[in-house]
Amino acid sequence: MDNNFVAAAPFMSSELTDRLMAPILWVLEAQQKMLEFFLFSPDGWTATGKVVFLLFPAVVILAGLWCTQLSLYTIPFRSGRIRFAQMMLLGWWDAARAIWHFWVGLFRFALVAVGWVLALARLAVRFIMESLRQIVIAPFSMTGRLSRSYFQPGVPWIAFMMLLFWCLIEATIFTYTLYPTVSEVLADLVGMDAPRFTGPILYMFLLMLILGSFACLQAFLDTVKRGEYRFVIQMLLVELFVMLFEVMFLYRELVDAITPWIAQQTSEEFRLGIVFTLSLAAFGWIGIRGMTWFLFGQFGTPPLLAFIS
């Protein structure tokens, strides 16, 4: 009799342990499957959806299961078992409501986010359309303002256009004659060939210089007409400096360009010296400036200055 009881004791102990652990064993299995469900996903979007929509509800349910199943061991020792069961059911009801509000909140957040995106997209589209409209109508608006402001009776537009055309031609000629010299100077300074944009920059510089020459003439004549003789010497010196600069760097190049022709016509017997070269360049500047000034410069320079200002 005693031997049978000893032989049956381990079996009875194992069966009792299984019965005692039964309320929480299935929770452990459910927890393992839940962990596998969240750790293994076919792609990133599926994993993101699981984490966003199911992770927090799953954690709440798992916590509730553990609390409920562990509390079963305390029922034999409790006094208010009915009240405890009611509170436990109420806790599960609150957990269900929390999960429901969580999903509803996510849905409302998604709606608000979509509304924000649509509002920003609408604002961006309106901004782009308005920018395109302004770009399209800008030339017409500018033309209208110019027409109202400048194209009025009494403005010498023929002289103005002839002055601009002459300045463009003169800048082109001087750019052609000065480009080799400027290229050599830049090559000596930087140790490499002149960049591609040397020509356009030189052309714009010479164009501004020629326009400034006409502006200096206009300022000198205005000073004389107003009788401001204390500024006459000042403007005369400025005009002389402008003439010397253009003669030295621009018109001298033209004289140097015709020097081989002069030497060829005189059988190499006549060569231009520095004094003769500079004098011929100065006479050329005076002649060209005088011709252009009396032909259209005196009428086109005031509108040019007004247009720039």
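In the predicted model, Cys-167 touches Leu-207, Ile-210, Leu-211 and Phe-214, leaving aside residues up to four places away in sequence. Cys-167 also belongs to the largest nonpolar core, which has 26 residues. Within this core, Cys-167, Leu-206 and Leu-250 touch the most other members. H5 supplies the largest share, eight residues. In soluble globular proteins, nonpolar side chains tend to be buried together.

The overall fold is helical. The protein has seven helices and zero strands. Along the sequence, the pattern reads α-α-α-α-α-α-α. Contacts were examined between residues at least 6 apart in sequence; of these, 74% join residues at least 24 apart. Of the 309 residues in the protein, 22% are buried.

The surface was examined next. The accessible surface of the protein comes to about 22,400 Å². Carbon and sulfur atoms account for 74% of this area. A nonpolar surface patch of about 590 Å² is formed by Leu-16, Leu-20, Met-21, Leu-25, Leu-28, Leu-70 and Tyr-73. Helix H1 (residues 2-39) gives the most to the patch, with five residues. Leu-25 lies in helix H1.

How values were computed
Residues are numbered from 1 along each chain as its sequence is written. This is a predicted model: local features need pLDDT of at least 70, side-chain atom pairs count only at pLDDT 80 or more; totals for chains, interfaces and linings use all residues. Side-chain values use heavy atoms; hydrogens and water are left out. Patches are made of residues with over 30% relative accessible area and no salt bridge: like charges are joined within 9 Å, nonpolar side chains (Val, Leu, Ile, Met, Phe, Trp, Tyr) within 5 Å. Accessible areas come from the Shrake-Rupley method with a 1.4 Å probe; for residues, only the protein chains shown count as cover. A salt bridge is a side-chain nitrogen of Lys or Arg within 4 Å of a carboxyl oxygen of Asp or Glu. Helices (H or I, at least four residues) and strands (E, at least two) are DSSP runs, numbered from the N terminus. Buried means under 20% relative accessible area, exposed over 50%, partly exposed in between (1.4 Å probe, protein chains only). Contact means heavy atoms within 4.5 Å. A nonpolar core is a set of buried Ala, Val, Leu, Ile, Met, Phe, Trp, Tyr and Cys residues joined through side-chain atoms within 4.5 Å.
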